[in-house]
Amino acid sequence: MNSFPQKLHDKLNDRKNNQAIRTLKIPNNLVDFSSNDYLGFSISEKIYERTNHLLQSKNLKANGAKGSRLLTGNHSLYLETEEFISTLYTQEAALIFNSGYDANLGLLSSIPQRGDIILYDDLIHASLRDGISMSHANAYKFKHNDLKDIQTLCTRIKNKRHVSNADPIEIYVVTESVFSMDGDSPDLNTLASYCQENNLKLIVDEAHAVGIFSLGLVHQLKLEDKVFATILTFGKGLGCHGAAILGSKLLKEFLVNFSRSFIYTTALPPHSVATIYSALQQLKLESEKEDSEIQKLNSNILFFKNELQQLDLDKHFIASNSAIQCCIISGNEKVKNCSEALIKEGYDVKAILSPTVSEEKERLRFCLHSYNSEEEISGVLKTLKKVLIQ
Ligand SMILES: Cc1ncc(COP(=O)(O)O)c(C=O)c1O
């Protein structure tokens with residue numbers, strides 16, 4: 001057997017020494033405060049049945065797509081689903097990718113061109129960062145959710161360009177509507193207006209807003225015309241898998257031609273696309289009806305925040321109106337111990353360690369769901385209170 005390189009051994013050992021080694025675990029059946037299945041769609045029988053019905057009615061009995069979408073993989077359901085998504089989201093076009101990771105990689109690595117500028121929030125997801133690092137554009141980060149910092153960077157860029165009298169460039173601003181590790185949001189209305197007034201191209205990742213803020217925040221705030229590209233992911237609030245980029249027809253045409261993570265990969269099998277279609281139909285229904293899963297989730301978010309205040313725990317938490325609520329507990333070892341103590345009492349709450357978040361900002365990340373009961377929410381927070389004063 002080949003020996004494993006010493007440098008790689010050293011990196012693994014560093015992770016172990018920092019209490020940050022990652023291991024694969026089988027999911028438990030504790031009270032779920034950690035999955036991204038915000039509305040319980042991953043186990044919805046309605047979605048499962050609708051998917052099967054759809055596949056049967058179209059006589060789509062394939063296990064796989066047989067190739068990339070540009071070759072043999074572009075089955076009819078893809079086109080219908082993209083049409084359904086663009087109509088639902090009142091956008092000109094939608095393009096499905098195999099995952100949110102692929103969508104972000106493919107978008108950021110292909111759209112900004114050499115000489116263009118990308119301004120990105122300090123806390124954006126790894127998939128957006130990886131796309132940016134593959135781009136030939138110049139990238140600068142701005143302080144988290146800080147429009148003033150974007151304005152300062154823009155002024156600096158303008159002054160520099162004025163002096164050098166350079167060719168026209170595009171400036172892209174990249175953010176999330178709900179941040180995956182903090183659960184907070186930018187002031188999207190103000191940011192979108194600023195971008196429109198200053199001809200900046202705004203890109204918004206909606207991974208953790210879909211299903212929490214109805215169909216997503218860009219749609220809810222009617223910002224479609226002010227946003228250059230919106231990323232929806234289907235593995236979280238929709239409980240299945242895949243992603244879509246929404247925007248103009250030209251954006252779609254460009255991505256089909258230049259986005260490498262779209263072009264050079266086998267397409268999703270018909271079953272996955274049918275599940276996306278069915279889950280989106282369910283989300284549409286939920287967004288229109290009374291006593292929906294969306295409303296149950298939002299009342300759980302309010303209840304959680306209310307309990308935080310009652311128990312005087314809010315000072316430990318990052319302010320958030322979303323389904324992601326984070327309690328800062330500095331130090332990998334300390335936060336892991338707190339997570340284990342909650343797990344022992346039956347609550348699945350994950351510790352988020354550095355380097356996933358920055359040092360001193362390690363945290364317990366509570367993901368709330370429509371199916372969590374108020375009793376479970378009170379229970380986990382009372383247990384947390386005990387664990388924090390130990
Ligand atoms: C903000 C954000 N964008 C993109 C992704 C990637 O999505 P997917 O899981 O579909 O690859 C994630 C997943 O963790 C995320 O949190």
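Q: Which helix gives the largest share of the shell around the ligand?
A: The largest share comes from helix α4 (residues 100-110), which supplies 3 residues; helices here are DSSP runs of H or I with at least four residues, strands are runs of E with at least two, and both are numbered from the N terminus. This is a predicted model, in which local features need pLDDT of at least 70 and side-chain atom pairs count only at pLDDT 80 or more, while totals for chains, interfaces and linings use all residues. Residues are numbered from 1 along each chain as its sequence is written.

Q: And how many residues surround the ligand?
A: There are 14, and the closest are Ser-99, Gly-100, Tyr-101, Ser-180 and Ala-207; a residue is near a molecule if its C-beta atom, placed from the backbone, lies within 6 Å of it.

Q: How do the residues of that shell divide into nonpolar, polar and charged?
A: The shell holds 3 nonpolar, 9 polar and 2 charged residues, where Ala, Val, Leu, Ile, Met, Phe, Trp, Tyr, Cys and Pro count as nonpolar, Asp, Glu, Lys and Arg as charged, and the others, Gly among them, as polar.

Q: Changing topic, what is the order of strands in the open sheet?
A: The 3 strands are ordered β9-β12-β11 with antiparallel pairing, and two strands pair if DSSP finds at least two bridges between them. Because β9 (324-328) and β11 (350-352) stand at the edges with a single partner strand each, one side of each is left without a neighbour in the sheet.

Q: How many bridges join β9 to β12?
A: There are 5 bridges between β9 and β12 (residues 363-367), and one pairs Ile-328 with Arg-363 in β12.

Q: What about phi at Asn-59, positive or negative?
A: Phi of Asn-59 is positive, near 55°, in a residue other than glycine, and Asn-59 lies in the loop between α2 (45-57) and α3 (76-88).

Q: Why does Asn-59 count as exposed?
A: Asn-59 counts as exposed because it has 7 C-beta neighbours inside 10 Å; with C-beta atoms placed from the backbone, a residue is buried if 20 or more other C-beta atoms lie within 10 Å of its own, exposed if 12 or fewer, and partly exposed in between.
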